[in-house]
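User: I'd like to go through a protein model with you, one topic at a time. Could you put it up first?
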Amino acid sequence: FDFTVTASGFAPTHREVILGEGAPPEEIRLKPGATLRIRVVDEKGDAVPDATIGLEQWGEQRHTLKWAGETDAEGNLIWDSAPDGVDLDLYARKSGWCYTRDLKLQADGLEHTVVMRPALTVTGRVIDADSGEPVLKAKAFPGYGTEEHCWERLDPRRADDGTFKVVFSEKRNPWRVRVEAEGYAPFVSEELTPDSADKLEVQLKPLDSATAVSGLVLRPDGQPAAGTELALLTLEHNVVLNSTRFVRRAEDRLIIAADASGRFLFPPDGMAHTIVAAGDSGFALMNIRAISGPVTLRLQAWGRIEGVVGASAREQPVESVVLDGTINHDIPGRFGFNYPGVAPGDDGQFAFERVPPIPMVLWLNPGVGKGYFHHHTPVEVPPGATVR
């Protein structure tokens, strides 16, 4: 049982104890508190009053102490009951301003300056670049940074009348707007600043049917792989493989089957980045971001894993061995697996059938309530081979 003790003027103390019948009372000796001094200003150096500063973590303790305070009219805040000698992970927030994270300070009595930035609200209108008519069902996302996963897709700003509104409330640079609509190539704005114009007119270009993702899938022997399932991964479409078939959602038009000649055709999608194919004959995965025109996928035979959970590993609880993949974990449009865990025998032996020939990882699952997965073990199976 863990708990935290606080008192005005004293540093907080965190304690973990083992509860048991007849346990003696815990004696907590508090030390004098350290002083944290903060001044919050904007990017011009002017004071930001009524900003909330809050604690996320102190030292190794996260979310074990709730503390927050507000700056005065001069942007100052003093906390005289702070932990001493440890890093404090703080945040700053205020309505109409960007949420400022990962402020790592120490309560050393010195004044620390925190710079906040006003939030930016951008509105816009979306039209068809050819016809000039409004694009009625568009989605707009704020973007922070330049990586593929920089777009905040969990909270799209949708509108049915061809307009949108996006609020930038994080400090990470650069700020950009991304606008998407079915049947159109996506639009990405230039870098925005707090002084940027707050209105955008976005012209979306219709996707050319020639940009549709198409191609041919072959068996390992080079013959057409009729009936093989194919899935298209996009920035908004994940897939999960269950044995040799994909887990389908209702009316999922991005999971299809190759025809009798092994050919396939997906609708145009400006967010597509990967094709995955799976069937009785084997497995294939291809990144298509840098490819234009039809593609050819050649299935590779499924592999097999045989293994033994060693005696030293079994010193920790082991309920089952779990197999997972390491592909596309860092971008939207993840390729996942639905392999049931395999319980090792009394001698520790286990096996996995129909394993795709891509980087995978084995874990030992201790069971519910018995701790975390352990003994991370990378493994890659050559096509048609057994790895032991």
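**Backbone, pockets and cores**

Analyst: Let us start with His375, which sits in strand β32, covering residues 374–380. Please keep in mind that this is a predicted model.

User: Which residues does the cis peptide bond join?

Analyst: That bond links Asn173 to Pro174, and its omega angle is about -10°. If you want to find the spot, look for Pro174 in the loop between β14 (163–168) and β15 (175–180).

User: Switching topic: how many disulfides are there?

Analyst: A search through the whole structure finds 0 disulfides. Cys98, for instance, takes part in none, and the nearest cysteine sulfur to it, which belongs to Cys150, is 16 Å away.

User: Okay, pockets next. What volume does the largest pocket have?

Analyst: The largest pocket holds about 600 Å³ of space. Its lining is made up of 27 residues, and the ones that lie nearest its centre are Lys139, Glu182, Glu236, Arg253 and Met271. Two strands, β12 (138–144) and β13 (157–159), are the elements that give two or more residues to that lining.

User: What classes of residue make up the lining of the largest pocket?

Analyst: Sorted by class, its lining contains 12 charged, 11 nonpolar and 4 polar residues.

User: And the second largest pocket, what is its volume?

Analyst: The second largest pocket has a volume of about 280 Å³. It is lined by 15 residues, and closest to its centre are Thr211, Val213, Ile288, Ile291 and Ser292. The classes in this lining are 8 nonpolar, 5 polar and 2 charged residues.

User: Now the inside. Which residues have the most contacts within the largest nonpolar core?

Analyst: Those are Phe246, Ile305 and Phe335, in a core that has 27 residues. Several strands each supply at least two residues of this core, among them β19 (229–234), β24 (272–279) and β31 (359–365).

User: What does Ile305 touch?

Analyst: Leaving out residues up to four places away in sequence, Ile305 touches a list of residues that includes Leu323, Phe350, Phe352, Leu362 and Val387. There is also a second, separate core of 23 residues, which includes Ala34, Leu77, Ala82 and Ala107.

User: Where is Met360, and is it buried or exposed?

Analyst: Met360 lies in strand β31. Its relative accessibility is 3%, so Met360 counts as buried. Setting aside neighbours within four places in sequence, Met360 is in contact with residues including Leu323, Phe337, Tyr339, Val355 and Val379.

User: How far is Met360 from Glu380?

Analyst: The two residues are 20 apart along the chain, and their C-alpha atoms are separated by 5.8 Å.

User: Last one: what about His112 and Tyr184?

Analyst: His112 and Tyr184 are 72 residues apart in sequence, and in space they are 48 Å apart, taken from C-alpha to C-alpha. His112 is in strand β10, residues 111–115, and its relative accessibility of 17% means that it counts as buried. Not counting residues up to four places away in sequence, what His112 touches is Leu36, Arg37, Ile38, Arg39, Leu105 and Gln106.

Note on methods: Residues numbered from 1 in each chain as written. Predicted model: local features only at pLDDT ≥ 70, side-chain atom pairs only at ≥ 80, totals over all residues. Heavy atoms only, no water. Disulfide = S-S within 2.5 Å. 1 Å grid on protein atoms, 1.4 Å probe; cavity = no way out; pocket = protein on both sides within 12 Å on 5 of 7 lines; lining within 4 Å. Points joined across faces, edges and corners; volume = space filled by probe spheres on them. Helix = DSSP H or I, 4+ residues; strand = E, 2+ residues; numbered from the N terminus. Nonpolar A, V, L, I, M, F, W, Y, C, P; charged D, E, K, R; others polar. Core = buried A, V, L, I, M, F, W, Y, C linked by side-chain atoms within 4.5 Å. Buried < 20%, exposed > 50% of the residue type's maximum accessible area, 1.4 Å probe, protein only. Contact = heavy atoms within 4.5 Å.
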